[in-house]
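This report concerns the aromatic side chains of one protein model. Please keep the sequence and the structure in view while reading.

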Amino acid sequence: MTDKLFWQDPYRTTLTTRVARVDGLDVTLEATVFFAESGGQESDTGRIGGYRVLAARWQGRELVYTLPPGHALEAGDTVTVEIDWPRRYKLMRLHFAAEIVLELVTRRLPGVGKIGAHIGEDKARIDFAWPEPLTPMLAELTRAAQAVIDADSAIVSAFADEANERCYWEVAGFGRVPCGGTHLKTTGEVGVLRLKRRNVGGGKERIEIYIDARLDS
C-alpha cells in the first residue's frame, strides 16, 4: 500500500519514489505526496515521472493515478512526483476555512445537517439541510470564523488510528475533528474570510467560502 506522505508533511511538493504497479494507464506508487479527492477536497494536479496526471482516485485505501496514453512507466521504475504547490496551498487554506465554518454552524444550529461540500481552488462550499435562510447569521458567523483565524493558533494533524489511516485535526480551545485532508500549520494562514449564502432549493442552504491574502503578508 502506498505510503501517503501528504499526511506527514502536506507542505512537501516533490518526492522520488518507485512505481509499484502499472495497469494500462493506471499506476500506483510506493510513496506519494499527490493527494486524491476526498471529503470534498479536490485532487492535486501535477506530474509523475514527467507525465501529467489526468486523474487521481482512491481505490479502497490505495491511490491510483491515471497517466496519458503512451506513457512508458513500468513497475520498479524510479520516478519523481511533483505537485502544483500554489494550487495545493489554496486548497489547504480553503479547506480549513470550510472546517471552521462547518464547526461554527453546527454549534449554533442544533440539528442542522451537512449534506454536501466541495473545496476547489477558487472557493469552497458547504450545503446544509436547514429550513430557513442562513443570511441573518452570516455576519456574526464571519466575525467568529475570522477570530479563530486571527488567533493564529497551531493546527495539530495526527492519526487517531494509524493502522486504519484515520486522521484528525485539532486546535486547542476550539475543537478536534476527524478529517483526512491536508492541513495548514496555523489558522492564520487561511487569510481573510468572506462568506456568501446561496439558496439551492427547498430545505437546502449553501454557504460559499472565499479567502483573500492579508494585505500585510
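## Basis of the model

The model is predicted: local features need pLDDT of at least 70, side-chain atom pairs count only at pLDDT 80 or more, and totals for chains, interfaces and linings use all residues. Residues are numbered from 1 along each chain as its sequence is written, and side-chain values use heavy atoms, with hydrogens and water left out.

## Aromatic pairs

Rings of Phe, Tyr and Trp (its six-membered ring) are paired if their centres lie within 6.5 Å; planes under 30 degrees apart are stacked, over 60 edge-to-face, and the rest tilted. Burial here means under 20% relative accessible area, exposed over 50% and partly exposed in between (1.4 Å probe, protein chains only). F6 is buried at 1%, and W7 is buried at 15%.

W169 and F174 form a stacked pair, with 15° between the planes and 6.3 Å from centre to centre. W169 is buried at 0% relative accessibility; F174 is buried at 12%.

## Aromatic cluster

F6 and W7 also belong to one aromatic cluster together with F35, W58 and F159.

## Charges over rings

A charge sits over a ring if NZ of Lys or CZ of Arg is within 6 Å of the ring centre and within 35 degrees of the ring normal. R176 places its charged end over the ring of Y168, 3.6 Å from the centre. K185 lies over the face of Y11, 4.6 Å from the ring centre.
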